[in-house]
2 protein chains.
Amino acid sequence: MQDAPNRPYHHGDLRRAVIETALDMLAEEKGWQFTLREVARRAGVSHAAPYKHFPDKAALLAELAMIGFDRLRETLSATKSEAPKTLHDEIAPISRAYVAFGTDNPALYRLMFSAGEEKAEGVHLNQRALAVFDVALEILRRGQAAGSIRKRPIEGQAAAWWGLIHGMTMLAIDGLLVPEKVGSAPLDAALGTLVEGLANPAT
Amino acid sequence: MQDAPNRPYHHGDLRRAVIETALDMLAEEKGWQFTLREVARRAGVSHAAPYKHFPDKAALLAELAMIGFDRLRETLSATKSEAPKTLHDEIAPISRAYVAFGTDNPALYRLMFSAGEEKAEGVHLNQRALAVFDVALEILRRGQAAGSIRKRPIEGQAAAWWGLIHGMTMLAIDGLLVPEKVGSAPLDAALGTLVEGLANPAT
DNA sequence: ACTCCAATGTAGACAGGAGAAACTTTCGCT
DNA sequence: AGCGAAAGTTTCTCCTGTCTACATTGGAGT
(Lines give C-alpha, C1' and ligand atoms only; values in the text may rest on other atoms or scores of the structure.)
Protein backbone atom coordinates (compact mmCIF):
# COMPACT_ATOMS: atom_id res chain seq x y z
CA MET A 1 0.00 0.00 0.00
CA GLN A 2 2.79 2.42 -0.81
CA ASP A 3 1.27 4.10 -3.82
CA ALA A 4 0.60 7.48 -2.31
CA PRO A 5 3.03 7.77 0.55
CA ASN A 6 1.02 10.46 2.25
CA ARG A 7 -2.34 8.80 2.14
CA PRO A 8 -3.79 8.67 5.63
CA TYR A 9 -3.99 5.41 7.45
CA HIS A 10 -7.74 5.51 7.48
CA HIS A 11 -9.51 5.83 4.21
CA GLY A 12 -12.42 7.72 5.61
CA ASP A 13 -15.14 6.38 3.36
CA LEU A 14 -14.01 2.96 2.32
CA ARG A 15 -17.42 1.39 2.22
CA ARG A 16 -18.52 3.83 -0.43
CA ALA A 17 -15.20 3.53 -2.23
CA VAL A 18 -15.41 -0.25 -2.38
CA ILE A 19 -18.88 -0.07 -3.83
CA GLU A 20 -17.86 2.57 -6.37
CA THR A 21 -14.84 0.56 -7.43
CA ALA A 22 -16.86 -2.61 -7.74
CA LEU A 23 -19.46 -0.84 -9.83
CA ASP A 24 -16.70 0.50 -12.08
CA MET A 25 -15.35 -3.00 -12.56
CA LEU A 26 -18.82 -4.27 -13.31
CA ALA A 27 -19.13 -1.62 -15.97
CA GLU A 28 -15.87 -2.71 -17.57
CA GLU A 29 -16.39 -6.42 -17.74
CA LYS A 30 -19.15 -8.53 -19.14
CA GLY A 31 -19.32 -11.00 -16.30
CA TRP A 32 -19.54 -10.15 -12.62
CA GLN A 33 -16.61 -12.35 -11.71
CA PHE A 34 -14.41 -9.69 -10.20
CA THR A 35 -12.28 -10.55 -7.21
CA LEU A 36 -12.55 -8.88 -3.88
CA ARG A 37 -8.79 -8.50 -3.71
CA GLU A 38 -8.74 -6.66 -7.00
CA VAL A 39 -11.35 -4.28 -5.70
CA ALA A 40 -9.22 -3.63 -2.63
CA ARG A 41 -6.15 -3.12 -4.81
CA ARG A 42 -7.93 -0.56 -6.96
CA ALA A 43 -9.28 1.19 -3.93
CA GLY A 44 -5.72 1.37 -2.62
CA VAL A 45 -6.29 -0.55 0.57
CA SER A 46 -5.16 -3.90 1.87
CA HIS A 47 -6.98 -7.00 0.77
CA ALA A 48 -8.55 -7.48 4.16
CA ALA A 49 -9.84 -3.95 4.61
CA PRO A 50 -13.18 -4.51 2.85
CA TYR A 51 -14.04 -7.12 5.47
CA LYS A 52 -14.45 -4.30 7.96
CA HIS A 53 -17.44 -3.15 5.94
CA PHE A 54 -18.85 -6.34 4.44
CA PRO A 55 -19.02 -9.68 6.19
CA ASP A 56 -18.11 -11.48 2.99
CA LYS A 57 -18.07 -11.17 -0.75
CA ALA A 58 -21.66 -12.24 -1.10
CA ALA A 59 -22.72 -9.31 1.04
CA LEU A 60 -20.98 -6.89 -1.30
CA LEU A 61 -22.58 -8.55 -4.30
CA ALA A 62 -25.97 -8.29 -2.63
CA GLU A 63 -25.37 -4.63 -1.92
CA LEU A 64 -24.44 -4.00 -5.53
CA ALA A 65 -27.50 -5.83 -6.72
CA MET A 66 -29.71 -3.73 -4.48
CA ILE A 67 -28.16 -0.58 -5.84
CA GLY A 68 -28.82 -1.89 -9.31
CA PHE A 69 -32.48 -2.47 -8.56
CA ASP A 70 -32.79 0.97 -7.03
CA ARG A 71 -31.20 2.60 -10.05
CA LEU A 72 -33.44 0.68 -12.40
CA ARG A 73 -36.50 1.67 -10.44
CA GLU A 74 -35.45 5.31 -10.48
CA THR A 75 -34.75 5.13 -14.19
CA LEU A 76 -38.19 3.74 -14.87
CA SER A 77 -39.89 6.21 -12.56
CA ALA A 78 -38.14 9.07 -14.29
CA THR A 79 -39.28 7.84 -17.69
CA LYS A 80 -42.44 9.66 -18.46
CA SER A 81 -44.34 9.00 -21.61
CA GLU A 82 -45.13 12.26 -23.30
CA ALA A 83 -48.36 12.64 -25.17
CA PRO A 84 -49.66 9.20 -24.23
CA LYS A 85 -52.38 9.00 -26.81
CA THR A 86 -52.31 5.25 -27.22
CA LEU A 87 -51.58 2.33 -24.94
CA HIS A 88 -48.45 1.73 -26.94
CA ASP A 89 -47.25 5.25 -26.20
CA GLU A 90 -47.83 4.54 -22.56
CA ILE A 91 -45.95 1.29 -22.36
CA ALA A 92 -43.18 1.56 -24.92
CA PRO A 93 -41.00 4.24 -23.28
CA ILE A 94 -40.70 2.53 -19.93
CA SER A 95 -40.12 -0.80 -21.62
CA ARG A 96 -37.35 0.57 -23.79
CA ALA A 97 -35.79 2.27 -20.81
CA TYR A 98 -35.80 -1.03 -18.95
CA VAL A 99 -34.14 -2.97 -21.75
CA ALA A 100 -31.65 -0.15 -22.32
CA PHE A 101 -30.69 -0.26 -18.66
CA GLY A 102 -29.93 -3.93 -19.03
CA THR A 103 -27.95 -3.68 -22.23
CA ASP A 104 -26.07 -0.64 -20.92
CA ASN A 105 -25.14 -2.43 -17.70
CA PRO A 106 -25.03 -6.10 -18.64
CA ALA A 107 -22.82 -7.28 -15.82
CA LEU A 108 -24.78 -5.40 -13.20
CA TYR A 109 -28.09 -6.57 -14.57
CA ARG A 110 -26.91 -10.16 -14.53
CA LEU A 111 -25.66 -9.78 -11.01
CA MET A 112 -28.99 -8.38 -9.89
CA PHE A 113 -30.64 -11.64 -10.85
CA SER A 114 -27.88 -13.93 -9.66
CA ALA A 115 -26.95 -12.62 -6.24
CA GLY A 116 -30.16 -13.82 -4.65
CA GLU A 117 -29.32 -17.50 -4.63
CA GLU A 118 -27.10 -17.19 -1.61
CA LYS A 119 -28.89 -16.73 1.65
CA ALA A 120 -31.60 -14.85 3.41
CA GLU A 121 -30.33 -11.71 1.75
CA GLY A 122 -32.31 -12.89 -1.20
CA VAL A 123 -35.42 -11.73 0.61
CA HIS A 124 -34.31 -8.12 0.76
CA LEU A 125 -33.09 -8.37 -2.77
CA ASN A 126 -36.42 -9.65 -3.99
CA GLN A 127 -38.13 -6.76 -2.24
CA ARG A 128 -36.06 -4.33 -4.27
CA ALA A 129 -36.76 -6.27 -7.43
CA LEU A 130 -40.47 -6.20 -6.75
CA ALA A 131 -40.25 -2.45 -6.21
CA VAL A 132 -39.16 -2.23 -9.83
CA PHE A 133 -42.14 -4.32 -10.79
CA ASP A 134 -44.39 -1.96 -8.86
CA VAL A 135 -43.49 0.92 -11.13
CA ALA A 136 -44.79 -0.94 -14.15
CA LEU A 137 -47.71 -2.34 -12.22
CA GLU A 138 -48.85 1.15 -11.31
CA ILE A 139 -48.69 2.39 -14.87
CA LEU A 140 -50.68 -0.57 -16.09
CA ARG A 141 -53.17 -0.16 -13.30
CA ARG A 142 -53.80 3.41 -14.40
CA GLY A 143 -54.15 2.25 -17.95
CA GLN A 144 -56.75 -0.25 -16.89
CA ALA A 145 -58.59 2.37 -14.88
CA ALA A 146 -58.61 4.54 -17.97
CA GLY A 147 -60.15 1.68 -19.89
CA SER A 148 -57.32 1.06 -22.33
CA ILE A 149 -56.35 -2.29 -20.80
CA ARG A 150 -58.42 -5.43 -20.57
CA LYS A 151 -60.45 -6.08 -17.46
CA ARG A 152 -58.44 -9.09 -16.40
CA PRO A 153 -56.53 -9.10 -13.11
CA ILE A 154 -53.89 -6.46 -13.57
CA GLU A 155 -51.27 -8.43 -11.66
CA GLY A 156 -51.30 -11.16 -14.24
CA GLN A 157 -51.08 -8.72 -17.10
CA ALA A 158 -48.22 -6.92 -15.36
CA ALA A 159 -46.51 -10.27 -14.93
CA ALA A 160 -46.71 -10.68 -18.68
CA TRP A 161 -45.07 -7.29 -19.08
CA TRP A 162 -42.27 -8.10 -16.66
CA GLY A 163 -41.68 -11.53 -18.09
CA LEU A 164 -41.50 -10.23 -21.60
CA ILE A 165 -39.27 -7.27 -20.83
CA HIS A 166 -36.98 -9.16 -18.50
CA GLY A 167 -36.71 -11.94 -21.02
CA MET A 168 -35.94 -9.63 -23.91
CA THR A 169 -33.34 -7.86 -21.80
CA MET A 170 -31.62 -11.11 -20.94
CA LEU A 171 -31.73 -12.37 -24.50
CA ALA A 172 -30.31 -9.07 -25.71
CA ILE A 173 -27.48 -9.23 -23.19
CA ASP A 174 -26.72 -12.78 -24.24
CA GLY A 175 -26.52 -11.75 -27.87
CA LEU A 176 -29.34 -14.08 -28.79
CA LEU A 177 -31.46 -11.52 -30.60
CA VAL A 178 -29.71 -12.00 -33.92
CA PRO A 179 -31.57 -10.28 -36.77
CA GLU A 180 -31.45 -13.31 -39.07
CA LYS A 181 -33.49 -15.32 -36.61
CA VAL A 182 -35.54 -12.81 -34.84
CA GLY A 183 -36.00 -9.93 -37.22
CA SER A 184 -34.36 -6.54 -37.29
CA ALA A 185 -36.33 -4.96 -34.46
CA PRO A 186 -37.37 -7.76 -32.12
CA LEU A 187 -38.12 -5.47 -29.21
CA ASP A 188 -40.46 -3.36 -31.31
CA ALA A 189 -42.17 -6.46 -32.57
CA ALA A 190 -42.50 -7.95 -29.11
CA LEU A 191 -43.87 -4.70 -27.73
CA GLY A 192 -46.38 -4.64 -30.53
CA THR A 193 -47.57 -8.11 -29.68
CA LEU A 194 -47.67 -7.34 -25.97
CA VAL A 195 -49.72 -4.19 -26.47
CA GLU A 196 -52.21 -6.10 -28.59
CA GLY A 197 -52.50 -8.61 -25.81
CA LEU A 198 -53.04 -6.00 -23.15
CA ALA A 199 -55.26 -3.64 -25.09
CA ASN A 200 -58.95 -3.56 -24.33
CA PRO A 201 -60.67 -4.68 -27.53
CA ALA A 202 -63.83 -2.87 -26.50
CA THR A 203 -62.37 0.54 -27.29
CA MET B 1 -7.61 -42.49 -5.39
CA GLN B 2 -7.68 -45.54 -3.17
CA ASP B 3 -11.43 -45.94 -2.89
CA ALA B 4 -11.80 -49.06 -4.95
CA PRO B 5 -8.40 -50.73 -4.86
CA ASN B 6 -9.08 -52.73 -7.97
CA ARG B 7 -10.23 -49.94 -10.17
CA PRO B 8 -8.21 -49.91 -13.36
CA TYR B 9 -5.71 -47.16 -13.98
CA HIS B 10 -7.66 -45.90 -16.91
CA HIS B 11 -11.23 -44.94 -16.34
CA GLY B 12 -12.33 -45.87 -19.80
CA ASP B 13 -15.00 -43.27 -20.30
CA LEU B 14 -13.99 -40.38 -18.12
CA ARG B 15 -15.30 -37.68 -20.43
CA ARG B 16 -18.80 -39.02 -20.13
CA ALA B 17 -18.38 -39.66 -16.42
CA VAL B 18 -17.24 -36.10 -15.77
CA ILE B 19 -20.22 -34.72 -17.63
CA GLU B 20 -22.61 -37.03 -15.79
CA THR B 21 -21.15 -36.14 -12.44
CA ALA B 22 -21.28 -32.44 -13.19
CA LEU B 23 -24.89 -32.73 -14.28
CA ASP B 24 -25.68 -34.55 -11.06
CA MET B 25 -24.10 -31.79 -9.03
CA LEU B 26 -25.99 -29.23 -11.06
CA ALA B 27 -29.20 -31.01 -10.20
CA GLU B 28 -28.38 -30.94 -6.51
CA GLU B 29 -27.43 -27.32 -6.06
CA LYS B 30 -29.16 -24.13 -7.00
CA GLY B 31 -26.11 -22.35 -8.34
CA TRP B 32 -23.69 -23.68 -10.91
CA GLN B 33 -20.66 -22.88 -8.80
CA PHE B 34 -19.33 -26.40 -8.48
CA THR B 35 -15.62 -26.99 -8.47
CA LEU B 36 -13.80 -29.03 -11.02
CA ARG B 37 -11.87 -30.77 -8.31
CA GLU B 38 -15.05 -31.87 -6.60
CA VAL B 39 -16.25 -33.31 -9.86
CA ALA B 40 -12.99 -35.22 -10.19
CA ARG B 41 -13.28 -36.44 -6.60
CA ARG B 42 -16.78 -37.73 -7.17
CA ALA B 43 -15.75 -39.38 -10.37
CA GLY B 44 -12.95 -41.06 -8.44
CA VAL B 45 -10.05 -39.66 -10.42
CA SER B 46 -7.30 -37.20 -9.70
CA HIS B 47 -8.05 -33.52 -9.95
CA ALA B 48 -5.97 -33.16 -13.07
CA ALA B 49 -7.58 -35.98 -14.99
CA PRO B 50 -10.48 -33.95 -16.39
CA TYR B 51 -7.97 -31.70 -18.11
CA LYS B 52 -7.22 -34.56 -20.49
CA HIS B 53 -10.75 -34.18 -21.81
CA PHE B 54 -11.50 -30.49 -21.38
CA PRO B 55 -9.03 -27.69 -21.94
CA ASP B 56 -10.40 -25.84 -18.96
CA LYS B 57 -13.39 -25.47 -16.70
CA ALA B 58 -15.13 -23.09 -19.08
CA ALA B 59 -15.07 -25.78 -21.75
CA LEU B 60 -16.87 -28.19 -19.45
CA LEU B 61 -19.42 -25.55 -18.58
CA ALA B 62 -19.97 -24.86 -22.27
CA GLU B 63 -20.44 -28.56 -22.92
CA LEU B 64 -22.99 -28.81 -20.13
CA ALA B 65 -24.82 -25.79 -21.44
CA MET B 66 -24.98 -27.34 -24.91
CA ILE B 67 -26.39 -30.52 -23.47
CA GLY B 68 -28.95 -28.43 -21.65
CA PHE B 69 -30.04 -26.70 -24.81
CA ASP B 70 -30.27 -30.01 -26.63
CA ARG B 71 -32.40 -31.50 -23.89
CA LEU B 72 -34.66 -28.51 -23.83
CA ARG B 73 -35.07 -28.65 -27.58
CA GLU B 74 -35.90 -32.35 -27.42
CA THR B 75 -38.35 -31.74 -24.62
CA LEU B 76 -40.14 -29.09 -26.62
CA SER B 77 -40.13 -31.15 -29.79
CA ALA B 78 -41.61 -34.07 -27.92
CA THR B 79 -44.38 -31.90 -26.52
CA LYS B 80 -47.26 -32.24 -28.86
CA SER B 81 -50.43 -30.37 -28.32
CA GLU B 82 -53.35 -32.72 -28.56
CA ALA B 83 -56.57 -31.51 -30.03
CA PRO B 84 -55.26 -28.07 -30.91
CA LYS B 85 -58.60 -26.41 -31.42
CA THR B 86 -57.53 -22.96 -30.40
CA LEU B 87 -54.30 -21.00 -30.65
CA HIS B 88 -54.03 -21.22 -26.90
CA ASP B 89 -54.14 -25.01 -27.07
CA GLU B 90 -51.35 -24.84 -29.58
CA ILE B 91 -49.03 -22.61 -27.64
CA ALA B 92 -49.69 -23.37 -23.99
CA PRO B 93 -48.29 -26.93 -23.80
CA ILE B 94 -44.91 -26.12 -25.28
CA SER B 95 -44.70 -22.97 -23.18
CA ARG B 96 -45.47 -24.82 -20.00
CA ALA B 97 -42.98 -27.51 -20.90
CA TYR B 98 -40.33 -24.84 -21.40
CA VAL B 99 -40.93 -23.17 -18.05
CA ALA B 100 -41.13 -26.53 -16.32
CA PHE B 101 -37.76 -27.48 -17.75
CA GLY B 102 -36.30 -24.35 -16.25
CA THR B 103 -37.87 -24.71 -12.83
CA ASP B 104 -36.99 -28.41 -12.75
CA ASN B 105 -33.36 -27.72 -13.63
CA PRO B 106 -32.69 -24.26 -12.29
CA ALA B 107 -28.93 -24.50 -12.05
CA LEU B 108 -28.61 -25.99 -15.50
CA TYR B 109 -30.93 -23.45 -17.02
CA ARG B 110 -29.00 -20.62 -15.45
CA LEU B 111 -25.76 -22.07 -16.68
CA MET B 112 -27.12 -22.32 -20.21
CA PHE B 113 -27.52 -18.57 -20.30
CA SER B 114 -24.34 -17.72 -18.44
CA ALA B 115 -21.70 -19.89 -20.03
CA GLY B 116 -21.69 -17.95 -23.27
CA GLU B 117 -19.90 -14.91 -21.93
CA GLU B 118 -16.55 -16.57 -22.07
CA LYS B 119 -15.07 -16.93 -25.51
CA ALA B 120 -15.77 -17.95 -29.02
CA GLU B 121 -17.57 -20.98 -27.63
CA GLY B 122 -20.44 -18.62 -27.20
CA VAL B 123 -21.04 -18.89 -30.91
CA HIS B 124 -21.69 -22.63 -30.82
CA LEU B 125 -23.70 -22.18 -27.69
CA ASN B 126 -25.89 -19.57 -29.29
CA GLN B 127 -26.48 -21.89 -32.21
CA ARG B 128 -27.87 -24.49 -29.84
CA ALA B 129 -29.96 -21.88 -28.11
CA LEU B 130 -31.37 -20.71 -31.40
CA ALA B 131 -32.22 -24.30 -32.26
CA VAL B 132 -34.55 -24.22 -29.28
CA PHE B 133 -36.06 -21.05 -30.61
CA ASP B 134 -36.58 -22.74 -33.96
CA VAL B 135 -38.95 -25.27 -32.45
CA ALA B 136 -41.26 -22.54 -31.29
CA LEU B 137 -40.76 -20.55 -34.45
CA GLU B 138 -41.92 -23.46 -36.53
CA ILE B 139 -45.04 -24.00 -34.50
CA LEU B 140 -45.94 -20.34 -34.74
CA ARG B 141 -45.20 -20.32 -38.44
CA ARG B 142 -47.65 -23.13 -38.93
CA GLY B 143 -50.18 -21.28 -36.85
CA GLN B 144 -49.78 -18.26 -39.04
CA ALA B 145 -50.13 -20.35 -42.17
CA ALA B 146 -53.34 -21.73 -40.72
CA GLY B 147 -54.57 -18.20 -40.21
CA SER B 148 -54.78 -18.22 -36.45
CA ILE B 149 -51.87 -15.80 -35.98
CA ARG B 150 -51.59 -12.23 -37.13
CA LYS B 151 -49.99 -11.47 -40.44
CA ARG B 152 -47.02 -9.68 -38.96
CA PRO B 153 -43.48 -10.98 -39.47
CA ILE B 154 -43.47 -14.27 -37.64
CA GLU B 155 -39.90 -13.79 -36.40
CA GLY B 156 -40.92 -10.81 -34.36
CA GLN B 157 -43.92 -12.58 -32.91
CA ALA B 158 -41.78 -15.60 -32.10
CA ALA B 159 -39.33 -13.25 -30.40
CA ALA B 160 -42.19 -12.10 -28.21
CA TRP B 161 -42.90 -15.72 -27.32
CA TRP B 162 -39.28 -16.45 -26.46
CA GLY B 163 -38.83 -13.27 -24.50
CA LEU B 164 -41.95 -13.88 -22.47
CA ILE B 165 -41.28 -17.54 -21.77
CA HIS B 166 -37.59 -17.09 -21.06
CA GLY B 167 -38.39 -14.18 -18.80
CA MET B 168 -41.10 -16.03 -16.90
CA THR B 169 -38.76 -18.99 -16.49
CA MET B 170 -36.01 -16.82 -15.07
CA LEU B 171 -38.36 -14.97 -12.75
CA ALA B 172 -39.78 -18.26 -11.55
CA ILE B 173 -36.31 -19.63 -10.86
CA ASP B 174 -35.41 -16.48 -8.96
CA GLY B 175 -38.50 -16.81 -6.82
CA LEU B 176 -39.82 -13.47 -8.00
CA LEU B 177 -43.25 -14.69 -9.02
CA VAL B 178 -44.75 -14.26 -5.57
CA PRO B 179 -48.52 -14.62 -5.63
CA GLU B 180 -49.16 -11.46 -3.59
CA LYS B 181 -47.57 -9.35 -6.27
CA VAL B 182 -48.16 -11.23 -9.41
CA GLY B 183 -51.30 -13.21 -8.87
CA SER B 184 -51.78 -16.87 -8.19
CA ALA B 185 -51.18 -18.15 -11.72
CA PRO B 186 -48.85 -15.67 -13.40
CA LEU B 187 -47.84 -18.02 -16.18
CA ASP B 188 -51.44 -18.70 -17.12
CA ALA B 189 -52.16 -15.01 -17.11
CA ALA B 190 -49.09 -14.18 -19.18
CA LEU B 191 -49.93 -16.90 -21.67
CA GLY B 192 -53.41 -15.49 -21.94
CA THR B 193 -52.10 -12.05 -22.72
CA LEU B 194 -49.57 -13.43 -25.17
CA VAL B 195 -52.16 -15.45 -27.05
CA GLU B 196 -54.37 -12.40 -27.34
CA GLY B 197 -51.45 -10.51 -28.79
CA LEU B 198 -50.62 -13.20 -31.29
CA ALA B 199 -54.14 -14.16 -32.27
CA ASN B 200 -55.46 -13.03 -35.61
CA PRO B 201 -58.42 -10.79 -34.84
CA ALA B 202 -59.88 -11.48 -38.27
CA THR B 203 -60.98 -14.96 -37.29
C1' DA C 1 -6.15 19.58 26.11
C1' DC C 2 -5.50 14.58 27.32
C1' DT C 3 -6.67 9.69 27.43
C1' DC C 4 -8.25 5.73 26.02
C1' DC C 5 -11.27 2.80 23.25
C1' DA C 6 -13.52 1.23 19.41
C1' DA C 7 -13.47 1.61 14.57
C1' DT C 8 -10.72 1.02 10.73
C1' DG C 9 -6.47 -0.66 8.34
C1' DT C 10 -2.45 -3.79 7.72
C1' DA C 11 0.34 -8.05 7.53
C1' DG C 12 0.50 -12.70 7.46
C1' DA C 13 -1.33 -17.36 7.54
C1' DC C 14 -4.29 -21.03 5.88
C1' DA C 15 -7.28 -23.85 3.11
C1' DG C 16 -8.73 -24.74 -1.29
C1' DG C 17 -9.16 -24.14 -6.49
C1' DA C 18 -7.39 -23.52 -11.42
C1' DG C 19 -4.11 -24.89 -14.23
C1' DA C 20 0.82 -26.37 -16.01
C1' DA C 21 4.76 -29.71 -15.95
C1' DA C 22 6.83 -33.99 -15.50
C1' DC C 23 6.26 -38.71 -14.71
C1' DT C 24 3.62 -43.38 -15.12
C1' DT C 25 0.56 -46.80 -16.73
C1' DT C 26 -2.03 -48.93 -20.39
C1' DC C 27 -4.30 -49.43 -24.78
C1' DG C 28 -4.01 -50.35 -29.49
C1' DC C 29 -1.21 -51.37 -33.32
C1' DT C 30 2.31 -53.30 -35.78
C1' DA D 1 6.99 -58.68 -28.03
C1' DG D 2 7.50 -53.79 -28.36
C1' DC D 3 6.43 -49.05 -28.85
C1' DG D 4 4.05 -44.52 -29.29
C1' DA D 5 0.48 -41.95 -27.78
C1' DA D 6 -3.61 -41.51 -24.83
C1' DA D 7 -5.14 -41.08 -20.28
C1' DG D 8 -4.03 -40.77 -15.22
C1' DT D 9 -1.23 -39.24 -11.27
C1' DT D 10 1.70 -36.22 -8.43
C1' DT D 11 3.61 -32.04 -7.60
C1' DC D 12 4.14 -27.15 -8.04
C1' DT D 13 2.82 -22.32 -8.66
C1' DC D 14 -0.24 -18.62 -8.35
C1' DC D 15 -4.38 -16.71 -6.76
C1' DT D 16 -8.57 -16.12 -4.00
C1' DG D 17 -11.65 -15.85 0.17
C1' DT D 18 -11.43 -15.52 4.84
C1' DC D 19 -9.44 -15.57 9.69
C1' DT D 20 -6.35 -13.86 13.37
C1' DA D 21 -3.18 -10.86 15.50
C1' DC D 22 -1.40 -6.41 15.46
C1' DA D 23 -1.14 -1.12 14.27
C1' DT D 24 -3.13 3.43 13.85
C1' DT D 25 -6.15 7.03 14.74
C1' DG D 26 -10.55 9.76 15.23
C1' DG D 27 -13.42 11.23 18.78
C1' DA D 28 -16.12 10.88 23.16
C1' DG D 29 -15.73 11.93 27.85
C1' DT D 30 -13.22 13.85 31.33
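What share of the contacts in chain A with a separation of 6 or more is accounted for by residues 24 or more positions apart? In this predicted model, such residues account for 69% of those contacts, a contact meaning heavy atoms within 4.5 Å. Chain A has 9 helices and 0 strands, where helices (H or I, at least four residues) and strands (E, at least two) are DSSP runs numbered from the N terminus. Its C-alpha atoms fill a box of roughly 70 × 35 × 30 Å along the principal axes. Of the 203 residues in chain A, 51% are buried (under 20% relative accessible area, 1.4 Å probe, protein chains only).

Between chain B and chain A, 43 residues of chain B contact 43 residues of chain A. The two chains bury about 3,500 Å², 63% of it on carbon and sulfur atoms; buried area is the accessible area (1.4 Å probe) lost on being put together, summed over both parts. In chain B, the most area is lost to chain A by B:Leu176, B:Lys181 and B:Thr193, together 18% of what that side buries.

The count of salt bridges between the chains is 6, each a side-chain nitrogen of Lys or Arg within 4 Å of a carboxyl oxygen of Asp or Glu. One salt bridge joins the side chains of B:Lys181 and A:Asp134 (2.6 Å, N to O). Helices H6 (121–145), H7 (154–173), H8 (179–182) and H9 (186–198) of chain B each supply at least two residues of the side that touches chain A, and H7(B) gives the most, with 13 residues.

Residues are numbered from 1 along each chain as its sequence is written, and chains are lettered from A and ligands numbered from 1 in the order in which they are written. Local features need pLDDT of at least 70, side-chain atom pairs count only at pLDDT 80 or more, and totals for chains, interfaces and linings use all residues, while side-chain values use heavy atoms, with hydrogens and water left out.

Note on methods
Buried < 20%, exposed > 50% of the residue type's maximum accessible area, 1.4 Å probe, protein only.
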